Amino acid sequence: MAEINLLKSLPKGKRSVSARKSQKTLNHIKISRKYGKEYFDGKREYGYGGYYYDGRWKSVAKDIVNLYKLKKGDKVLDIGCAKGFLVNDLIDLGIDAYGLDISEYAIQNSMKSTYGRLHIGSAEKLHFPDNSFDFVISINTIHNLTKLQCIKSLKEINRVSKKFSFVQVDSYRTLNQKKIFLEWVLTAKYHDYPQNWKKLFKLAGYKGDWYWTIIKWLKKLKYLKRKIL
Ligand SMILES: C[S@@+](CC[C@H](N)C(=O)[O-])C[C@H]1O[C@@H](n2cnc3c(N)ncnc32)[C@H](O)[C@@H]1O
């Protein structure tokens, strides 16, 4: 069990936090939480503003294989796989990868290479037998559930993983980061400081690794500066 920055090779995202703050309404939250077309491929105010494959997960897939010493044919599950980009890149490395997501839209619009490998379902109740996977990963997904469901999801991750697992969740280290996060967030139902997340991991008996998605003040300033110039 360790804190590991597994997504360090991804390009750093730019988010206009202040723009979302001024637009965000309860209706935006309601629509984005349907995880439909609006969330993935609609306007930025509802979510991604276009969720396309651009190869960015290839380096993450390589890091996963190296760090967890996965061999060709090992089984991996990505919970909250969306359109299956990471699943595709793991398959390319010889991994027997599968995904699960609550979004019918994402799975219906997934990559061809992942057909038959992505399941519709919810993280807190996985329809896989115990110890089915050599590695289970869930990126920016379980915080979209309530605290109780988060605990259930962590238990489920433990149950279906034979060896290793990794979760990345929304967090903040300072009051200022929390303020920025609250201005930005649409879907997350449970979010907390790292020390409280770690308590939750312990409560759930979670045995895997973890990392945090934190929107930093510096990024906001840089982005605003860029917009003004
Ligand atoms: C922020 S996206 C992350 C997608 C992908 N893991 C990534 O990092 O690009 C959150 C994903 O969680 C999925 N999701 C939300 N609630 C879920 C649930 N209860 N069970 C499984 N997936 C869920 C959404 O449909 C969406 O694909």
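Ser 110 is in contact with Lys 83, Tyr 115 and Leu 118, leaving aside its neighbours within four places in sequence. The model is predicted. Ser 110 sits in the loop that runs between helix H6 (104-108) and strand E3 (118-120). The relative accessible area of Ser 110 is 10%, so this residue counts as buried, the cut-off being under 20%. Its side chain reaches the backbone oxygen of Ile 107 at 2.7 Å. Ser 110 and Gly 80 are 30 residues apart along the chain, and their C-alpha atoms are separated by 12 Å.

| Residue | Protein atom | Ligand atom | Distance |
|---|---|---|---|
| Tyr 51 | polar side-chain atom | oxygen | 2.7 Å |
| Ser 122 | side-chain N or O atom | nitrogen | 2.8 Å |
| Ala 123 | polar backbone atom | nitrogen | 3.0 Å |

On its own the ligand has 590 Å² of accessible area, and the protein covers 93% of that area.

Is Ser 138 buried or exposed? Ser 138 is buried, because its relative accessible area is 0%. Not counting residues up to four places away in sequence, Ser 138 touches Ile 79, Ile 157, Phe 166, Val 167 and Gln 168.

Conventions: Residues are numbered from 1 along each chain as its sequence is written. This is a predicted model: local features need pLDDT of at least 70, side-chain atom pairs count only at pLDDT 80 or more; totals for chains, interfaces and linings use all residues. Side-chain values use heavy atoms; hydrogens and water are left out. Buried means under 20% relative accessible area, exposed over 50%, partly exposed in between (1.4 Å probe, protein chains only). Contact means heavy atoms within 4.5 Å. A polar contact is a pair of N or O atoms within 3.5 Å; within protein, one must be able to donate a hydrogen and the other to accept it, and residues adjacent in sequence count only if both atoms are side-chain atoms. Accessible areas come from the Shrake-Rupley method with a 1.4 Å probe; for residues, only the protein chains shown count as cover. Helices (H or I, at least four residues) and strands (E, at least two) are DSSP runs, numbered from the N terminus.
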